[in-house]
Amino acid sequence: MHKKKVHGDVFCLESASKPLKTPAVGGGFQSVISRIFKGAFFVVLAIVAIAALGIVAPRLLWHDGQAVTAERSQQILVLSNPIHTDIAIPVDSDLISRFAFLRTAGVDLDNPNLRYIVFGWGGRSFYTQTRTWADLKAGPLLKSFTLDRAVIHAELAGEIPANAPDVTAINIDAEGLERLKRFILGSFEQTDNRPSPLIGSNYGPNDAFFEAPGYFNALMGCNTWTAAGLRQAGLTSGLWTPLPWMLRLSLSLHNDRDRFASTQMN
């Protein structure tokens, strides 16, 4: 072996007769890229598997009171857009009486054209600041993926065709409708035994936002709230349905077709 002294340190040099390894040009880089693609593939595969399980695995019915078999004489609507669902309940004297507090937020429950009150749940920042896609902002969007204070939205609506796109008409019995009303009422936060309106956050003259207990995030958000309300009404939903299409598909899988007055289930 040959040795060379550099600045007082001794470095051992291999004998000149031993062949040196030639580094593979780009080999390390290609290996890293390969591992990244493999990792991404397994992440996507895991997401698909979790989504499929959330749809296919039924979530057990849970509601107050005994389950009974009764005539499904009532009809509610589930309204969908690409990321959000609402529940629309037909107006009658009982609904007006129990949600009379909506008047405190300036909502006109005496409108002669009123046919439905539409309820939705979501995160305060994103929900109150994003009326349309044109209103989408980075701040509220990012907050929806962390934790945001929850709010509930109530909106007055006229006639809504049951066979309209993005509308699912669902037949339930009277007891299911009663449980659904109680579930929605329980989604309003109470201050001094009264719901707390967010004055000035409404989209227009026919809607209002109210404080809701708890917190929102994108994984357990508006569509899981809708699913919980539908379970109170007597339906079975998937185990985890964070997107509207997942909720609709799970409903069609786990419930009799005669529950649905409309074929708009896709």
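Good morning. I begin with a loop: Asn193 lies in the loop between β9 and β10, where helices (H or I, at least four residues) and strands (E, at least two) are DSSP runs numbered from the N terminus. This is a predicted model, in which local features need pLDDT of at least 70 and side-chain atom pairs count only at pLDDT 80 or more, while totals for chains, interfaces and linings use all residues. Residues are numbered from 1 along each chain as its sequence is written, and side-chain values use heavy atoms, with hydrogens and water left out.

Asn193 has a positive phi of about 65° although it is not a glycine. Asp192 is found in that loop between β9 and β10 (194–195) as well, and it has a positive phi of about 55°, again without being a glycine. For context, most residues other than glycine have a negative phi. Are these two residues buried or exposed? Asp192 is exposed, with a relative accessible area of 68%, and Asn193 counts as exposed at 75%. Here buried means under 20% relative accessible area, exposed over 50%, and partly exposed in between, with a 1.4 Å probe and protein chains only.

I turn now to the sheet. Six strands form an open sheet in the order β8-β4-β5-β6-β7-β11, with antiparallel pairing. Two strands count as paired if DSSP finds at least two bridges between them. The edge strands are β8 (167–172) and β11 (207–216), each of which pairs on one side only. From one strand to the next, the twist averages 25°; axes are lines fitted to C-alpha atoms, for helices over the stretch in contact, and angles run from 0 to 180 degrees between N-to-C directions.

Strand β4 (residues 74–80) is joined to β5 (residues 85–90) by four bridges, and Ser80 has Thr85 of β5 as its bridge partner. Six bridges join β4 to β8, and these strands run antiparallel. Within that pairing, Ile76 stands opposite Ile170 in β8.

How many residues of β8 are buried? Six of the six are, so this strand is largely enclosed by the rest of the structure. In a regular strand the side chains alternate between the two faces of the sheet. In β8, Val167, Ala169 and Asn171 point one way, and Thr168, Ile170 and Ile172 the other way.

Helix α6 (residues 222–232) lies across β4, β5, β6 (116–123), β7 (148–157), β8 and β11, and runs at about 35° to β5.

Leaving aside neighbours within four places in sequence, Ile89 is in contact (heavy atoms within 4.5 Å) with residues including Ile76, Leu95, Phe119, Leu180 and Ile184.

The aromatic residues deserve a separate word. A search of the whole structure finds ten aromatic pairs. Rings of Phe, Tyr and Trp (its six-membered ring) pair if their centres lie within 6.5 Å; planes under 30 degrees apart count as stacked, over 60 as edge-to-face and the rest as tilted. Phe183 and Trp225 form a tilted pair, 5.5 Å centre to centre with 35° between the planes. Phe183 lies in helix α5 (residues 174–185) and Trp225 in helix α6, so the pair ties together parts that are 42 residues apart in sequence. Both Phe183 and Trp225 are buried.

Phe188 and Phe210 form an edge-to-face pair, at 5.3 Å centre to centre and 75° between the planes. Because Phe188 lies in the loop between α5 and β9 (190–191) and Phe210 in strand β11, this pair ties together parts that are 22 residues apart in sequence. Phe188 is buried, with a relative accessible area of 3%, and Phe210 is buried at 0%. Phe99, Phe101, Phe119, Phe188 and Phe210 form one aromatic cluster.

Finally, Gly122. Its place is in strand β6, and it is buried, with a relative accessible area of 4%. The C-alpha atoms of Gly122 and His84 are separated by 8.8 Å, with the two residues 38 residues apart along the chain. Setting aside neighbours within four places in sequence, Gly122 is in contact with Tyr127, Arg149, Ala150, Val151 and Phe216. Thank you.
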